[in-house]
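Hi everyone, thanks for making time.

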Amino acid sequence: MSRDSDPITRKDGRRLNKINLSEDEWAAIKQLIDVLEPFASGTELLEGSKYATISFMNDAITEIKKGVYSAHDLEPEDIDLTNFTTVFDDDVGIEDPDDDDEVDDHPKRRKILINTPQDCKDLIKKVKLALYTAINHYWSVPQNEGMIATLLDPRCKSLNFADESQKIQTRDLLKEIYDKKKQELGMIQQVSRAQPQVKNSLLQNIFANRHRRERQADEIERYMMIEEADINICPFKWWGSQASNFPILSELAKKYLAIPATSAASERLFSDAGNVMTVRRTSLLPSTFEHLVFCKRNWRIIGRIFPESE
């Protein structure tokens with residue numbers, strides 16, 4: 001371009017040579033891809049809507065922190081995470097001295113000189129420190145709902161990401177929720193009525209002792225003694241098959257494992273609704289709109305009802 005006969009093309013070629021990334025900048029970008037890849041994978045994992053996601057939240061955060069944590073590199077990072085105007089600063093402009101026609105509608109915003117090469121020295125270290133500081137700030141205390149959901153996931157119940165005090169606290173919290181649910185359902189009376197009735201007094205004592213031991217070892221203790229399930233097992237199907245053995249815990253599992261880790265699923269639903277209710281279809285009846293959105297979200301199931309035309 002710089003050798004073209006057209007003067008405008010030659011000017012563009014000179015500008016392009018000035019703003020091209022340097023070798024250090026390309027190397028930094030490749031390193032940034034490796035640093036940010038776990039964040040992309042975590043986002044993809046936690047925004048799913050067809051499987052349990054909340055139970056993976058704390059494990060995912062812990063695994064991501066490993067990628068940005070380096071004990072010998074960590075230093076105090078002075079980042080004001082309470083001020084959104086400096087943390088998430090979108091008001092950034094590009095300043096090109098060679099572009100005389102540039103018109104800036106936001107004269108007060110921060111400018112970046114694209115002609116000036118960026119200082120890539122210790123850049124990756126600074127990025128990792130900033131990410132590590134942000135993760136610790138926003139996820140310093142695990143949420144109780146997420147901890148309970150992880151404990152009720154048969155694949156993650158060991159809570160490998162947590163320290164011993166957090167494990168004990170989570171189990172105590174689950175015990176408290178379990179006892180409350182047990183009182184609501186009146187399980188004590190149901191168990192007493194479920195005891196087998198036999199005529200032989202010796203046999204009756206044997207069964208009575210067995211049920212007494214089963215009552216003493218509640219569902220939580222028996223559940224924790226079971227080996228962790230395979231990662232490919234669906235926790236909902238697992239609890240469905242174990243509902244008779246853990247009637248109370250299975251109900252709690254349905255409640256907590258159904259919590260989505262992110263709002264991506266609901267945002268997709270709003271997007272689908274926006275595609276259905278366009279500016280040309282504002283006269284749709286609410287019931288028609290609801291049916292259309294339902295068909296849109298369940299077309300794979302609905303399509304099986306009608307045979308394909310020959």
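I'll begin with the overall picture and then visit some individual residues.

A word on the ground rules. This is a predicted model, so local features need pLDDT of at least 70 and side-chain atom pairs count only at pLDDT 80 or more, while totals for chains, interfaces and linings use all residues. Residues are numbered from 1 along each chain as its sequence is written, and side-chain values use heavy atoms, with hydrogens and water left out.

Let's look at the whole chain. The secondary structure comes to 15 helices and two strands. Here helices (H or I, at least four residues) and strands (E, at least two) are DSSP runs, numbered from the N terminus. Of the 310 residues, 23% are buried. When I say buried, I mean under 20% relative accessible area; exposed is over 50%, and partly exposed is in between, with a 1.4 Å probe and protein chains only. The accessible surface comes to about 22200 Å², and 53% of that belongs to carbon and sulfur atoms. Those areas come from the Shrake-Rupley method with a 1.4 Å probe, and for residues only the protein chains shown count as cover. As for contacts, meaning heavy atoms within 4.5 Å, take those with a separation of 6 or more: residues 24 or more positions apart account for 64% of them.

Now to the inside. A nonpolar core is a set of buried Ala, Val, Leu, Ile, Met, Phe, Trp, Tyr and Cys residues joined through side-chain atoms within 4.5 Å. The largest one has 24 residues, and those with the most contacts inside it are L152, L174, W239, L249, L252 and Y256. Which helices each supply at least two residues of this core? They are α6 (144–151), α7, α10, α11 (235–241) and α12 (247–257). The largest share, six residues, comes from α12.

Next, charges. Side chains of opposite charge can pair when their charged atoms come close. I count a salt bridge when a side-chain nitrogen of Lys or Arg is within 4 Å of a carboxyl oxygen of Asp or Glu. By this rule there are seven salt bridges.

One of them joins K66 and E63, with the closest N and O atoms 3.6 Å apart. These two are three residues apart in helix α3 (residues 57–68), so about one helical turn separates them. K66 counts as exposed because its relative accessibility is 55%. In helix α7 (residues 164–185), K175 and D179 are four residues apart and therefore separated by about one helical turn; they form a salt bridge too, with the closest N and O atoms 3.6 Å apart. Elsewhere, D272, K296 and R297 are linked in a network of salt bridges.

Are D153 and R155 buried or exposed? Both are buried, and their side chains meet in a salt bridge at 2.8 Å, N to O. D153 also has a polar contact with S55, side chain to side chain, at 2.6 Å. A polar contact is a pair of N or O atoms within 3.5 Å; within protein, one must be able to donate a hydrogen and the other to accept it, and residues adjacent in sequence count only if both atoms are side-chain atoms. S55 itself sits in the loop between α2 (23–46) and α3, and it counts as buried because its relative accessible area is 0%.

Now for E219, in helix α10 (residues 219–225). E219 is buried yet has no salt bridge, and the nearest side chain of opposite charge, R222, is 5.0 Å away. What lies 3.2 Å from a polar atom of the E219 side chain? That is the backbone nitrogen of I248. Not counting residues up to four places away in sequence, E219 touches Y178, N245, F246, P247, I248 and L249.

Two backbone details to finish. D122, in the loop between β2 (110–113) and α5 (123–138), has a positive phi of about 60° although it is not a glycine. L159, in the loop between α6 and α7, is likewise not a glycine and has a positive phi of about 55°. D122 is partly exposed at 44% relative accessibility, whereas L159 is buried at 1%.

Notes
Lys, Arg positive; Asp, Glu negative; His and termini not counted.
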